[in-house]
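Dear colleague,

I am passing on the structure we spoke about, and below it you will find my notes on what turned up when I went through it. Please read them with the structure open beside you.

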Amino acid sequence: MARPVVLVTRKLPPAVEARATRDYDARLNPDDRIYTADALLAAAAGADAMLICTSEKITADLVSRLPASIKAISTFSVGYEHIDVAACRARGIVVANTPGAMTEATANIAMLLMLGAARRGYEAQQMVRRGEWTGWTSTMLLGVDFSGKRLGIFGMGRIGQAVAQRARGFGLTIHYHNRRRLPAGEEQGAVFHASLDSLLAVSDILSINAPSSPETRHILNTAAIARLPDGAIVVNTARGDMIEDATLIAALTTGKLRAAGLDVFAGEPNLNPAYLALPNTYLLPHLGSATIETRDRMGFMALDNIDAVLAGRPAPYPL
Ligand code: 8YV
């Protein structure tokens with residue numbers, strides 16, 4: 001009997017591709033070229049399921065043109081702003097993601113960004129690598145301490161809570177804003193703010209950990225940045241479109257903000273070039289989930305979703 005066909009839109013870790021190939025007639029993408037909508041539709045012809053990444057924009061228009069054979073779309077990500085979930089549901093396509101797989105890895109990158117921003121990681125690397133380090137001085141590249149400072153976490157889901165857990169160990173006091181207040185047992189002393197404005201006013205460091213949505217787009221705008229304490233640090237491991245780049249760049253240039261640590265960018269990989277010219281930015285190329293263990297886990301969870309749907313069971317991680 002013919003095996004089900006699964007379209008894997010991007011090159012995935014070897015262990016993930018091995019499992020996909022073992023269990024399915026897997027259409028892989030060894031060159032890792034990003035499909036245009038038309039190429040994606042052509043590649044999906046006759047497929048039973050698609051394992052996609054955030055690079056594939058599953059719009060309502062694309063969904064309307066998908067072959068009738070597609071029963072599941074499983075995304076190798078926790079974020080799902082690239083998928084019109086309602087349009088998929090309307091066509092009876094199950095959509096699922098990989099929640100929880102990258103919590104630890106992303107929280108660790110948030111701490112790296114925080115430290116890189118607060119301790120002038122970019123300037124320090126540059127000085128050493130360019131051979132400009134001429135010796136110790138008492139005032140060279142001074143950063144700021146964490147102890148006694150307040151970390152504001154916008155979005156207190158799994159990743160936000162993992163950031164809070166780590167930040168406590170660094171002596172930061174945790175404040176947060178979330179759609180719903182956490183149960184007391186999960187708050188672990190973190191101070192809830194019913195509004196983002198209230199959180200911003202106390203955030204010596206702001207960590208963005210909320211999902212991207214029409215509501216959160218450009219949430220860090222001129223008015224929001226004005227509310228942050230002078231000299232605050234902004235860290236983003238969620239999605240770039242939550243920040244109004246020109247405003248953040250202006251605030252980093254004037255010194256209203258001390259520094260920013262950014263792993264995600266609007267329009268990535270084509271980030272606003274002004275970030276590159278600033279000494280007080282610590283920039284990473286969307287590495288939040290980039291560990292060997294995490295990427296394997298994401299791939300296996302994405303395949304678990306497809307296995308279930310194609311076997312007539314509910315997906316374990318449905319949207
Ligand atoms: C993914 C991510 O690796 O999970 C997410 O939402 O942003 C990353 O961890 C990337 O988006 C590939 O799909």
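**The ligand and its surroundings**

In this predicted model, an N or O atom in the side chain of Arg295 is 3.4 Å from an oxygen atom of the ligand. Two further side chains come into this part of the account: for Thr54, a side-chain N or O atom is 2.7 Å from an oxygen atom of the ligand, and for His286, a polar side-chain atom lies 2.8 Å from an oxygen atom of the ligand. The residues that surround the ligand are Cys53, Thr54, Phe76, Ser77, Val78, Gly79, Met102, Arg239, His286, Ser289, Arg295 and Met298.

**Helix 1 and helix 13**

Helix 1 covers residues 14–23 and helix 13 covers residues 292–310, and the two pack at an angle of about 20° with their axes 8 Å apart. Angles under 35 degrees count as roughly parallel, and helix 1 and helix 13 are therefore roughly parallel to each other. The crossing in which helix 1 passes helix 13 is right-handed.

**Helix 5 and helix 7**

A second pair is formed by helix 5 (residues 103–118) and helix 7 (residues 158–169), which pack at an angle of about 50°, with their axes 8 Å apart. That angle makes helix 5 oblique to helix 7, and the crossing of these helices is right-handed. On the side of helix 5 the contact is made by Thr103, Glu104, Thr106, Ala107, Asn108, Ala110, Met111 and Met114, and on the side of helix 7 by Arg158, Ile159, Ala162, Val163, Arg166 and Ala167. By class, the residues of this contact of helix 5 with helix 7 divide into 8 nonpolar, 3 polar and 3 charged.

**Backbone details in two loops**

Where is Pro269 placed? Pro269 is in the loop between strand 11 (257–262) and helix 12 (274–277), and a cis peptide bond, with omega of about 10°, joins Glu268 and Pro269. The other loop runs between strand 2 (25–27) and helix 2 (37–43) and contains Asp32, a residue that has a positive phi of about 55° although it is not a glycine.

How values were computed:
Residues numbered from 1 in each chain as written. Predicted model: local features only at pLDDT ≥ 70, side-chain atom pairs only at ≥ 80, totals over all residues. Heavy atoms only, no water. Axes fitted to C-alpha atoms, helices over the stretch in contact; angles between N-to-C directions. Helix = DSSP H or I, 4+ residues; strand = E, 2+ residues; numbered from the N terminus. Parallel < 35°, antiparallel > 145°, perpendicular 65-115°, else oblique. Left-handed = near helix turned anticlockwise from the far one by under 90°. Near = heavy atom within 4 Å. Polar contact = N/O pair within 3.5 Å; in protein donor to acceptor, adjacent residues only side chain to side chain. Contact = heavy atoms within 4.5 Å. Nonpolar A, V, L, I, M, F, W, Y, C, P; charged D, E, K, R; others polar.
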